[in-house]
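User: Hi! Could you walk me through this model? I'd like to start with the overall picture and then go into the details.

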Amino acid sequence: MLCSVPSLGLHGVSGYLVTTECDLSGGLPAFSVVGLPSTAVSEATDRVRAAIKNCGFTFPVSRITVNLAPAHLKKEGTLYDLPILVGILAASGQLKIKDQSCAFVGELSLSGGLRPCAGMLPMALAAKRSGVKRLYVPVENAAEATLAEGPEIYPVRDVCQLVRHLNGEEPIQPAAHWTPGTAAAHYPDFSEVKGQEQVKRALEIAAAGGHSVLMSGPPGSGKSMLARRLPGILPDMTMEEALETTEIHSVMGLTSAEQPLVEQRPFRAPHHTVSPMGMAGGGSNPKPGEISLAHNGVLFLDELPEFPKEVLEVLRQPLEDGQVQISRAAGSVTYPCRFMLVCAMNPCKCGWYGHPSGRCRCSESEVKRYLSRLSGPLLDRIDIFVEAAALEFDELTSRTPAEPSGTIKKRVDAARAIQSKRLADTGLTCSAQMGQQELRKYCRLSEACETLMKGAFDKMGLTPRSYDRILRVARTIADLDASDQIEPYHLAEALQFRPPEYLRR
C-alpha cells in the first residue's frame, strides 16, 4: 500500500515542500530510504523502527520503501523521522490521515518522543507559501513556527499523542502566536567610555548610515570597548529584518523555545583563527558563516591584521553585494550578509607606531610587513577610518559624565528616518547601500563642494570607489545635521575619515 505524507526541507536558508512517499510491498523484509538522503536521514530507519515498537504499534513485516521527493535535492538532518513514521503507520492501516493539507516535521527519540529541529522558521514560511493549513512540529519548535503567521501550528509531545489526535480521540490545541516581550534590550553604554570623542563621532556616523569602520590605535585605547557598544545606538530592527535574521540563526540551531525571534541586532566577533569557510560559509552541506550570522547587525574583527589574508579577502565581494554565493559539487546556495563591518587594529606589531613617546620597537620594514596583510582593495571598501589615540591621565580621571547611548541613538534614529523616507521607493534602508543612481540623485555637490573634492581627489590619491564612499558618508553627516544638501563642512568631515598616512603607503 502506498501513502504520501507532506513534509518540509531546507535548502540554504529557504524551506521547500517535501513529499514523503511510503510504499509497503511483498518480498523479503527491508527498509530503505531513497531521494538523495544524507547519513542522518538514512539512520531514520532505526529510529522509526524503535519508536513504532516502543509506542505499542506494529512494525510491518514487509518491504518498505520511502521516497523523499523532489529526489534531486539532497535531504539533510533528522526532521524526516516523523513524516516517515506517520507514512508507515498510515500505509499499514494503523493510522488514518483525513486531512491532506497538513505537514509533519520532527526528530524522533527511540521512545517515540519528539525532539526539536533546526530551521523551523524557514520551513514554516515554506509551508505558508505552499498552502499547508496545519503543521505538526515538536513542542519546542512551536513558538518559532508561529512566527510565519501561516498554517495552524500543532505542538506534538510524542507519537502516541499525535496518533490520538489524528484518530479524533484527543485533539491537540493549536499553539498561540508567539509575541515578543516588552523588556528593553540591555547594551553596554557609551557613557562608560572615557574620552575618544572623535571615535564616538565616527561610530555615530557609521550607525546612522550603516557604514563600515576601521579603528586604529595603540593597545588599551578602548577600540574593542567602543565597538561592543555600537549595537546600543543602532536603530531597532523591523519585523522584516528580525525574521530575515531569525531564519539564518534558526538554520544554525541558535534559536530557543523561550526566545524564538532574534529581536536584537546580531554582534558577531569571530576569533582571528577563523577559517575562510567559517567566515563566508560552506561545507559539503553549505551552512551560513559569520558574515551571514551578522546579517542586519555588526561583524567585529578585532586585531584585523592577525586574520589570515585569505579570510579577509572573502569579505570583499559580500561587502559590495550584501550576499554571498557558496558553490559546491552538490549545488550552490546564496546567503544574505548585509552587515556593518567594524574593525580594530594596532598600527604595528608592538602597537605604538607613531606615538609621541617613541615606545615603538618596530623597524620600518616590520611595520610595512605587518600592514601589508591588509590589501588595498579591502581597505578601499571601508567607509570610515578613525584613530583612537592613547588616553591621557586627565581624561581617565575625569568625573564629567560622557554622553549616554540613548542620546546618541535618538540622533541616529532621526537620521535613519530621513534616509528611509528618501529611499522608500528603492528597497534600500540606509546611505551605505546607495548605488550610482541614488548617488547622482541625492549626493549632488555644489560648486564649492566640487572644488574641495577635486583637491582631495588629487592630493589623497582617491579611487572611484573611495570617491563614492566619501559621498555616502557626507550624505549621512548631512542627515545627522538635518540638511537637505551636502555642505562643504559635511564633505570636509567625511574626508577626515579617510585612511591615515601609514595605511596609504
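User: How many helices and strands does the chain have?
Analyst: The secondary structure comes to 22 helices and 18 strands. Helices (H or I, at least four residues) and strands (E, at least two) are DSSP runs, numbered from the N terminus. This is a predicted model: local features need pLDDT of at least 70, side-chain atom pairs count only at pLDDT 80 or more, and totals for chains, interfaces and linings use all residues. Residues are numbered from 1 along each chain as its sequence is written, and side-chain values use heavy atoms, with hydrogens and water left out.

User: What box do the C-alpha atoms fill?
Analyst: Along the principal axes, the box is roughly 85 × 45 × 45 Å.

User: And what percentage of the residues count as buried?
Analyst: Of the 505 residues, 52% count as buried. Buried means under 20% relative accessible area, exposed over 50%, and partly exposed in between (1.4 Å probe, protein chains only).

User: Which residues touch the most other members in the largest nonpolar core?
Analyst: Those are F31, I84 and F104, in a core of 69 residues. The largest share of this core, eight residues, is supplied by helix α3 (residues 81–91). A nonpolar core here is a set of buried Ala, Val, Leu, Ile, Met, Phe, Trp, Tyr and Cys residues joined through side-chain atoms within 4.5 Å.

User: What does F104 touch?
Analyst: Leaving out residues up to four places away in sequence, F104 touches V5, P6, S7, L8, L82, P83, V86, Y136, L162 and L166. Contact means heavy atoms within 4.5 Å.
Analyst: There is also a second, separate core of 49 residues, which includes L423, L445, L480 and A494.

User: Switching to helix α2: which of its residues are buried?
Analyst: In α2 (residues 44–54), the buried ones are A44, T45, R47, V48, A51 and I52. Seen down the axis, they fall within an arc of 165°, so they line one face of the helix. That arc is taken from the directions from the helix axis to the C-beta atoms.

User: Which exposed residues does the face turned away carry?
Analyst: That face of α2 carries D46, K53 and N54. As for the buried side, its cover includes β3 (30–34), α1 (39–42), α3 and β6 (107–108).

User: What follows α2?
Analyst: G56 does, and its phi is positive, near 90°.

User: On to the sheet: in what order do the four strands lie?
Analyst: They form an open sheet, β1-β2-β4-β3, with mixed pairing. Two strands pair if DSSP finds at least two bridges between them. The edge strands, β1 (2–11) and β3, each pair on one side only.

User: How many bridges join β2 to β4?
Analyst: Seven, and the two strands, β2 (residues 14–25) and β4 (residues 63–69), run antiparallel. One of the bridge partners is L68 in β4, which goes with T20.

User: Last topic: at what angle do α17 and α20 pack?
Analyst: Helix α17 (residues 405–422) and helix α20 (residues 464–480) pack at about 115°, with their axes 8 Å apart. Axes are lines fitted to C-alpha atoms, for helices over the stretch in contact, and angles run from 0 to 180 degrees between N-to-C directions.

User: Which residues make that contact?
Analyst: From α17 they are R411, V412, A415, I418, Q419 and R422, and from α20 they are R475, T476, D479 and L480.

User: Is T476 buried or exposed?
Analyst: T476 is buried, with a relative accessible area of 0%. Not counting residues up to four places away in sequence, T476 touches I205, A208, G209, H211, Q419 and S431.
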